[in-house]
Amino acid sequence: MARQTFTGGDRHLILTGADGYIGSQLVARARAQGWSITVLSRRPEGPQDQVRKVPWVLGAPLPPTALHPTVPAARQVLVHLAHDWSDTKPGPAEGTLNLEGTRVLLDACRAAGLGRFVFVSSQSARADAANVYGRVKWRIEQLLQGDSEVSARVGLVYGGPPRAMFGLLSKLTARLPVLPMIDPWREVQPIHLDEVCEGLLRLAAGTGGGWSGLAGPSGLPFGTFLRSLAQELHGRRLRILPIPLRFALLACDILGRLPVGPKPDRERILGLAGTRPMNCEAHLRALDLTVAPLTEQLRREPASRRAMLAEGRALLAYVLRSRPGRPLLARYVRAVDGAGPLPLSGLLRRVPRLLRLVEPRTAGAPLAQRLALAMALAEASPEGERALTKGSRATSLAILAYDVALDVVLLPLRIATAGRVGRGH
Amino acid sequence: MTEPVIIVGSGPAGVSAAWPLLQAGVAVVMIDASPADPLPSPPPGDITALRSDPNRWSAQFGADLGGLAAMGDISPKLTTPLTRAALAGYAESIGVSAQDFLVFGCLSAGGLSNVWGAVAAVYDEDDLRGFPFPRSELMPSYEFVKRRIGVSVLDDQSKASHTHGPKLTPPLQRVLDAAGKRTLPAGVELEAATNAVLMEQRDGRGACVNCGLCLWGCHQGSIYASSQEIPALRGFPHFTHRPGARARRLLPAADRPGVEVEERGVRSTLTGQRVLLACGAIPTTALVLQRLNAPCPPVRLLTNPVAAMAFLVPSLVGASLPHRSFALGQLAYRVSLTDGHRAEGMLYGADALPLAAVAHRLPVSRPVALRLSRALAPALVLATCYLPGSFSANTIRLVGDGEHAELVIAGARTEAADGGLRAAGRTLGRAMARLGAYPLPGSLAFSPAGADGHYAGTLPMGGAGLLGTDLSGGLAWLPGVHAVDGAVLSDLPAKHCTLTIMANADRIARRLLDEGRVVATDAAVDARSVATKR
C-alpha cells in the first residue's frame, strides 16, 4: 500500500533499490528535477517519508499501485537498482534470484506498457566476468530488448555519503597507513555519484536500447584512485602494498573463518581483479554528460573540507602558537582555493608544534607554501596581533633568542626530512 | 574655429603637457583608456588601527584574498587591493608579450601615478648630460610642476616646524642624525628625500598625517596622482576629457595629425592641431612603430637595473612599532661608481610593511620568522639601488602588421650591471655601517628587468634615425605628432625619472607655444583670464 500520494510533474519514475548508495541519491536528484517518484521497497517504513513507497521484494511483479494513475504509461520509467547481495554462490545456479527477480519485474513492466526500463548494471558485466556479480549483471542484460530497455554499465562510483564500496574505501584510506592491494595498476574508471545519478536520469528520460557506459572516460590505476581518496578526503599519504591475487583470496578465506576482524568480500576482490577498460566516451557524449576529474570532485566532498580545516587548524596553530579562531580558519581554507589538503600525518595535526622538525627549507615545497599562507593570514588577524604583541621587549627578545637557537639545533633534522612531509603523490 | 591639441593619456606626462596649453588658451582633448570601474578606495585610519582591525585581511589582501598569491613577489606593494586592481591585465590589454621583463602599467585615469612611489627628484647637470638642451631650459618647468603637484622634503622629527607632512621614522632619523655628525665615505651622499606628498591641505587633497598606509593607497590624497588634477583641468572651458577612449592607431603622415580611437567598441577619428603622445613609453612606442609600418630593428628600451638590500639599527630591535609612520622613500642616497657612473636609491623604513614581506626572507622556521620580523621591523632600513639606464639592455619590437601586431619586449641588463649593483651595495653598506645601520648579510636581491617601472628612451630627443625625435619630441616623418612621455628621454640616469618626465612634457608644451606651433582657440582666449588665475 502506498504511504504517500503522488507528487511532481508529468514524468513518473519507479525505482527499486532506492535505499542504497546510488538509489537514495537518485531519489533526491529526481525529485529536484521535478520527477514524480514511487519507490518499490522491502521497507516501506523507511526514512524517506517524502517519497511515495509501495511494498515490493525482488522476485515479485510490478505492483499495480506503483503506476501513476494519470501519467500515461509511456511516460513512466522504471529504474532497476535493486540487487540481492546474498546471491553470490558460484555455480550453475548462481544469480538465479537476481536474474529471475528481474525477469518477473521486466515482464510486468512490458505488460503494463511502461515507457522505459533502465537496468543499472556494472562495468564488470561480462559473460566471463571473474565474479558472480559481473556474470549475473551480464545475464540480466541479455533479457533486455528493443529501444525502450537499456542497461547502464556503471564504473567505480565515489563521492557522496560514505556507503557501499566508496564508504569502505574511504574508511580504509582514512585509517590504514599501508593498504595491501591486488593489482594496484589495474585501471578503473571512477565516476562521481552525482554524475551517475544524472546519467541515469538522462537515460530514463531518453530513448534507445542496448547498454550505455556511465564511467570516467579515461582510466586511472586503482592505486592512484586510492591514494587520491587518502589525500583529497583525509589529507593523508597512503602506501600501497601490491599483493598477488591468490594470496588475497587465501587471506580472504582465512579472515572469513576467524570469529573477529575484517571480512573482505571475495566478490569485490574478484570484481576488481576482473575489471576491463570500457570505452564510454561516445555514450557520455550522447547523454551530454561531463565526468569531472577525480581530484576536482573529491575536493568538493565534505570530507575534503574537513581535512582542509584540520590542516588549517594545525598550520595556523603552529604559526600562532595558539588556537586559531573560526574566521581565520575559514579564510585559510578559502585562500587555499580548492587546491585540496596536503598529506599530513595525524600526529602532526594533533601536535602542530612538531611541524618545526619537518618544516621544509625551500620556499617552493608545498608545505612551505601553505605555511607562508598561514603566516600571512595569521599576521593579518586579531589573534596574530595578540601573539605578536605579547610580553615585554626583554622577554620577547629572550624568547626569540631561544627560538633562533633552537631553530639552528633543529636544522639538521629539517635538512634530513628535506621537504618530504606534505608532499603529494 | 581652431582645432584642439589631442593628448593621448592622462598620466603625469599628459596632465603636465595640458596645463601650459590650457593656460595659454589652447583647446585640449585628453583621451585615456580608463575602464568604467573605478579603482578601489584606500583603507581609512592609520597603520595602528589597521593592525588591530579584525578586517585587516581584507584591506591587506583584498576581499578575494587575491593579494596572497602575489606574496613574495618583487614588492609587498603588489599584494595590495589598489595596486592589484590598478595593474591588472595591463600587458595583455595593450598587447605586449614580455620575456624576462616586467611590464607595469595602469589604464585608469592617472595611469601609473595611481600607485607610484612619489619620489620627486630633479635631474642635475650630470644627469642631463645626454640631453640636447641646457638644464636651464628645463628648470622653469621643474619649478612649475613642483608648485602644481606639491612636493615636500621629509621632516626631521626634532623640528617642530610642521605639524603635518611626512616625517622620518626612528631608524632613518638615527641614520640622518649620524650623518650630521660623521663623515661619509668618499663618493656617498645622503639627504632627506623629496616626495610628491602634500604638507598642507589644498585642491581637495589632504595633508600627510603620517598614517603609515602609503602602501595601500593614500586616503588623504596627499600622495600625488595625476588623476587628482583632472577636475581642475575640467575647470577650463576649452578642455575635454574623454575617459574610456583608447588610441588604436595614429593617422598617416598624409592626413592631418590625429588618432583613431575606440570608445565602447565604436571607432572614430580624432584630428587636431597636434597629437601629444603621453600614454607611457611602451604604448607610445607601440603607436609610433605601428605607424612607421616599415622593417625596424629592435629598439632599445631603457630601464633602471634595480636591486634591494636591508640594514639593521641594532638598538631598535624589539622596540614597539611606531604608531605613525611614512612608508615612502625617506632618505635619498647617491653612490659614485669607479667607472664614473652613479647609483642612486632611496632608504625606507619597514615598520609599516606587512611582516610577511620581511619574514619571507628569514631562514628560520615560520613561527620564528614571523616573530623575528616583528622584532626587526622597527629597526630595519630597506634600500633600493638603481643604476643608470645605460646598464639595461632591453629591446622592444613590433611583430606582425597593423594594429593586431604584438609588441615584444626582451628584458636584459649589461654584464656590468650586476657588478655595478654589487659595488654600489658594498659602498652603501660601508657608509650605512658608519651611520649605525649594518647591512644584513645576503640581503642584496636583484629585481627582474622592468621591475623599476621606469620605461624610457625609445624615441630619444636628439637621437638619430627614424625613431629619434627633435627637441619637442616630434618625429620628422610624422608631422604634428609629438611624444611627451618617458619615451623621449634622451638618457635615463639612476635618479627617479617621473618628475623629469612631467617637467619635460611641460617644457615641450611651452616650446610648442613659444614657437607658435600650437595656437589658442578664439573662444578659449576669452576664457583664459578666468582659468589662469590658478
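A salt bridge here is a side-chain nitrogen of Lys or Arg within 4 Å of a carboxyl oxygen of Asp or Glu. The side chains of B:Arg334 and B:Asp124 meet that rule, with N to O at 3.8 Å. Over all chains the count comes to 51 salt bridges.

This is a predicted model, where local features need pLDDT of at least 70, side-chain atom pairs count only at pLDDT 80 or more, and totals for chains, interfaces and linings use all residues. Residues are numbered from 1 along each chain as its sequence is written, chains are lettered from A and ligands numbered from 1 in the order in which they are written, and side-chain values use heavy atoms, with hydrogens and water left out.

**Domains of chain B**

- Chain B splits into domain 1 (1-35 + 107-148 + 225-295 + 455-534) and domain 2 (56-102 + 151-223 + 306-386 + 414-447); the bounds come from an automatic or database domain assignment.
- The C-alpha centres of domain 1 and domain 2 of chain B are 30 Å apart.
- Their contact (heavy atoms within 4.5 Å) takes 26 residues from domain 1 of chain B and 28 residues from domain 2 of chain B.
- The two domains of chain B bury about 2200 Å² between them, and carbon and sulfur atoms give 53% of that. Buried area is the accessible area (1.4 Å probe) that two parts lose on being put together, summed over both.
- On the domain 1 side of chain B, B:Val115, B:Gln228 and B:Ala494 lose the most area to domain 2, together 23% of what that side buries.
- Between domain 1 and domain 2 of chain B there are 5 salt bridges.
- Residue pairs in polar contact between these domains of chain B number 14, both residues at pLDDT 80 or more. A polar contact is a pair of N or O atoms within 3.5 Å; within protein, one must be able to donate a hydrogen and the other to accept it, and residues adjacent in sequence count only if both atoms are side-chain atoms.
- The side of domain 1 of chain B that touches domain 2 has 13 nonpolar, 4 polar and 9 charged residues. Ala, Val, Leu, Ile, Met, Phe, Trp, Tyr, Cys and Pro count as nonpolar, Asp, Glu, Lys and Arg as charged, and the others, Gly among them, as polar.

**Chain A against chain B**

- The contact takes 29 residues from chain A and 31 residues from chain B.
- About 2800 Å² is buried between chain A and chain B, 65% of it on carbon and sulfur atoms.
- In chain A, A:Met375, A:Glu379 and A:Leu388 lose the most area to chain B, together 23% of what that side buries.
- The count between chain A and chain B is 4 salt bridges.
- B:Arg56 forms a salt bridge with A:Glu385, the closest N and O atoms being 3.6 Å apart.
- The side of chain A that touches chain B divides into 17 nonpolar, 1 polar and 11 charged residues.

**Within chain A**

- A:Asp10 and A:Arg75 meet in a salt bridge through their side chains (3.7 Å, N to O).
- That pair links distant parts of the chain, 65 residues apart: A:Asp10 is in the segment before β1 (12-16) of chain A, and A:Arg75 is in the loop between β3 (52-55) and β4 (76-80) of chain A. Helices (H or I, at least four residues) and strands (E, at least two) are DSSP runs, numbered from the N terminus.

**Confidence**

- Chain A has a mean pLDDT of 90, and 95% of its residues reach 70 or more; pLDDT is the predictor's confidence in each residue, from 0 to 100.
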